[in-house]
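Try each task yourself before reading its solution.

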Amino acid sequence: MKRALFALMLLATPAMAHDQMAGNLHIIHPSIPVPAGMAKSAAGYVTISNEGDTPEELVGARSTFAASTTLHTTIFEDGIAKMRPVIGVPIAPGEAVNLEPGGMHVMFMGLTGMVAEGDMIPATLIFRHAGEVAVEFMVDPADGVGHSTMDHSGH
């Protein structure tokens with residue numbers, strides 16, 4: 001009984017509620033830093049761990065939160081950060097990829113509404129082999145922690 005109660009408590013915890021398994025993929029903390037007031041775009045971050053034996057690739061995303069949802073990376077040219085679309089994000093067996101500030105991310109363009117910290121934004125991540133996976137991006141504080149500083153050793 002204690003184990004069942006503990007499991008229910010974990011499921012009720014907001015930080016755990018949107019971590020999920022999709023086949024061999026562990027999708028960890030999809031998040032969006034709360035966009036400024038009338039922002040027209042927002043970046044989404046997530047860590048995806050491939051716990052299987054075969055390669056996988058994130059090939060797209062979509063959400064009703066934005067008119068357009070795409071995969072992007074950040075490149076630096078002449079000291080200026082620029083975003084460029086990417087066709088896919090490979091995820092090798094036994095490896096994890098971080099979509100994080102200053103790197104690859106999900107780009108939500110043409111936002112369809114305002115959100116507040118703590119809101120959950122429904123989206124779909126599209127994988128080459130696993131197919132479509134429904135997720136929720138948690139709206140985190142604007143100054144939230146990047147995934148690169150989080151400990152994912154237990155995943």
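A residue counts as exposed when its relative accessible area is over 50%, as buried when that area is under 20%, and as partly exposed in between. Keep in mind that this is a predicted model.

**Exercise 1.** Work out which class of exposure Glu 132 belongs to, and which class Arg 62 belongs to.

*Solution.* Start with Glu 132: its relative accessibility is 52%, so Glu 132 counts as exposed. Next take Arg 62: its value is 39%, so Arg 62 counts as partly exposed. Now look at how they meet: the side chains of Arg 62 and Glu 132 form a salt bridge, at 2.6 Å from N to O.

**Exercise 2.** Find the residue whose side chain meets that of Glu 57 in a salt bridge, and explain what the pair ties together.

*Solution.* The partner of Glu 57 is Arg 128, at 2.8 Å from N to O. Glu 57 lies in strand β4 (residues 56–62), whereas Arg 128 is in the loop between β10 and β11 (131–140), so the pair ties together parts that are 71 residues apart in sequence. As for the whole structure, a search finds 4 salt bridges.

**Exercise 3.** Name the residues that are linked with Glu 77 in a network of salt bridges.

*Solution.* The network links Glu 77, Lys 82 and Arg 84. Within it, Glu 77 forms a salt bridge with Arg 84, their closest N and O atoms being 3.9 Å apart. Check the exposure of each: Glu 77 has 33% relative accessibility and is partly exposed, and Arg 84, with 34%, is partly exposed.

**Exercise 4.** Decide whether His 29 is buried or exposed, and do likewise for Asp 78.

*Solution.* First, recall that most residues other than glycine have a negative phi. His 29 has a positive phi, near 45°, and Asp 78 has a positive one too, near 50°. His 29 sits in strand β2 (residues 25–33), and with a relative accessible area of 12% it is buried. Asp 78 lies in the loop between β5 (66–77) and β6 (80–85), and with 82% it is exposed.

**Exercise 5.** Leaving aside neighbours within four places in sequence, list the residues in contact with Thr 124.

*Solution.* Begin with the place: Thr 124 is in strand β10 (residues 120–127). Its relative accessible area is 15%, so Thr 124 is buried. The contacts are Gly 60, Ala 61, Arg 62, Glu 132, Val 133 and Ala 134.

Conventions. Residues numbered from 1 in each chain as written. Predicted model: local features only at pLDDT ≥ 70, side-chain atom pairs only at ≥ 80, totals over all residues. Heavy atoms only, no water. Helix = DSSP H or I, 4+ residues; strand = E, 2+ residues; numbered from the N terminus. Buried < 20%, exposed > 50% of the residue type's maximum accessible area, 1.4 Å probe, protein only. Contact = heavy atoms within 4.5 Å.
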